[in-house]
Amino acid sequence: MASDPLRGTWLARQLYPAQVRIFARLRSTNEYTASQLEAGALAGPALIVASQQTAGRGQHANRWWSDAGSICATFVFPVDPHIPVGQIPLRAGLAMARVVARLLAGATVQVKWPNDVFVNGRKIAGLLCARMRACDMIGIGINVRTDLRRAPGEVQLRATSLAQHIKQPPRRDELIRDVWFALQASRQCDDWMDRYQDIHLLQSKRVRVESSDGIVAGICRGIDREGRLRVEEEGSMRAITGGVVSLA
């Protein structure tokens, strides 16, 4: 599917004084960003965007499939010492969900812990976050005009795109700008937990979590201030920091 070109100069003006780097092709925007941070060649605030990403990944080393109609970007912000690292994925997922909800009036937009974004039960965006070198790194993949007919079968079954819900999705660079400011706002949001739990896909559902500590099955009771998933299992509460989560 033909895509709109990314306007690097326009984005740089919109996001000044952030560093903006746009590439025609990268293995992974997160991989590139991490290497630049490690080498001291990049600092926040910064934005790294690839028109094509060849080896992107999501949570738990899952591959993130994308095409020329997708957004593949990494947003870099200086660490706010008042925000625990576990909150970053949830705040970022909430920000992304709010941007999507503004575009898709009437659709059911939800987040699945920690930060996948779903529209009417299908995944539209995924995030992968990390904290390093005094920066929070937020990698985002968004299906905008993504041609899902070309995607692997398992992706077709569970994914959606903005183009499947509205005739004229926004330009990718305009959407990147909106996400940037939404991410900034999420860092200042005091009631983020309530907002998150209002749209949490897993809230009060029976879930199964496969983690390094084994399998936990129970009822999702929301999240805590550290960003952990709260699961009620046989009358006791467990706080889960990571793992593969599915509806049981």
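The legends below describe close-up views of a predicted model.

Local features are drawn from residues with pLDDT of at least 70 and side-chain atom pairs from those at pLDDT 80 or more, while totals for chains, interfaces and linings use all residues of this predicted model. Residues are numbered from 1 along each chain as its sequence is written, and side-chain values use heavy atoms, with hydrogens and water left out.

**View 1. The open sheet of 7 strands, with mixed pairing.** The strands follow the order S1-S2-S3-S7-S6-S5-S4, where strands (E, at least two residues) and helices (H or I, at least four residues) are DSSP runs numbered from the N terminus, and two strands pair if DSSP finds at least two bridges between them. Because strand S1 (19-23) and strand S4 (109-112) stand at the edges with a single partner strand each, one side of each is left without a neighbour in the sheet. From one strand to the next the twist averages 15 degrees, with axes taken as lines fitted to C-alpha atoms, for helices over the stretch in contact, and angles running from 0 to 180 degrees between N-to-C directions. Within this sheet, strand S5 (residues 116-119) and strand S6 (residues 122-132) are paired in the antiparallel sense over 3 bridges, and Phe118 has Lys123 in S6 as its bridge partner.

**View 2. Helices H1 and H3 against the sheet.** Helix H1 packs on the sheet, where it touches S1 and strand S2 (46-50), and its direction makes about 160 degrees with that of S1; contact here means heavy atoms within 4.5 Å. Helix H3 lies across S4, S5, S6 and strand S7 (135-143), and runs at about 145 degrees to S6.

**View 3. Trp10 in helix H1 (residues 8-15).** Trp10 counts as buried because its relative accessibility is 15%, on a scale where buried means under 20% relative accessible area, exposed over 50% and partly exposed in between (1.4 Å probe, protein chains only). Not counting residues up to four places away in sequence, Trp10 touches Asp173, Glu174 and Arg177. Ile199, by contrast, is 189 residues apart from Trp10 in sequence and 33 Å apart in space, C-alpha to C-alpha.

**View 4. The second largest cavity, with a volume of about 40 Å³.** The model holds 2 cavities of 30 Å³ or more. A cavity is a set of points, on a 1 Å grid over the protein atoms alone, where a 1.4 Å probe fits but cannot get out, and lining residues have an atom within 4 Å of a point; grid points are joined across faces, edges and corners, and the volume is the space filled by probe spheres set on the points. The lining of the second largest cavity consists of Ile88, Arg91, Ala92, Ile138, Leu183, Ser186 and Arg187, and the elements that give two or more residues to this lining are helix H3 (88-103) and helix H5 (172-186). H3 provides the largest share, 3 residues. By residue class the lining divides into 4 nonpolar, 1 polar and 2 charged, with Ala, Val, Leu, Ile, Met, Phe, Trp, Tyr, Cys and Pro counted as nonpolar, Asp, Glu, Lys and Arg as charged, and the others, Gly among them, as polar.

**View 5. Arg187, in the loop between H5 and helix H6 (192-198).** Arg187 has a relative accessibility of 15% and therefore counts as buried. Leaving aside neighbours within four places in sequence, Arg187 is in contact with Phe77, Pro78, Val79, Asp80, Ile83, Arg91 and Asp136. Arg91 and Arg187 are also among the residues that line the second largest cavity.

**View 6. Arg158 in helix H4 (residues 153-158).** With a relative accessibility of 42%, Arg158 counts as partly exposed. Arg158 is in contact with Arg122 and Lys123, leaving aside its neighbours within four places in sequence. The C-alpha atoms of Arg158 and Ile124 are separated by 9.0 Å, although these residues stand 34 residues apart along the chain.

View 7. Strand S8 (residues 206-211) and strand S9 (residues 214-223) pair over 6 bridges in the antiparallel sense, and a hairpin joins them through 2 residues. Val209 has Val216 in S9 as its bridge partner, while Ser211 stands opposite Gly214 in S9. S9 and S10 form a hairpin with 5 residues between them, and Gly227 in the turn has a positive phi of about 85 degrees.

How values were computed. 1 Å grid on protein atoms, 1.4 Å probe; cavity = no way out; pocket = protein on both sides within 12 Å on 5 of 7 lines; lining within 4 Å.
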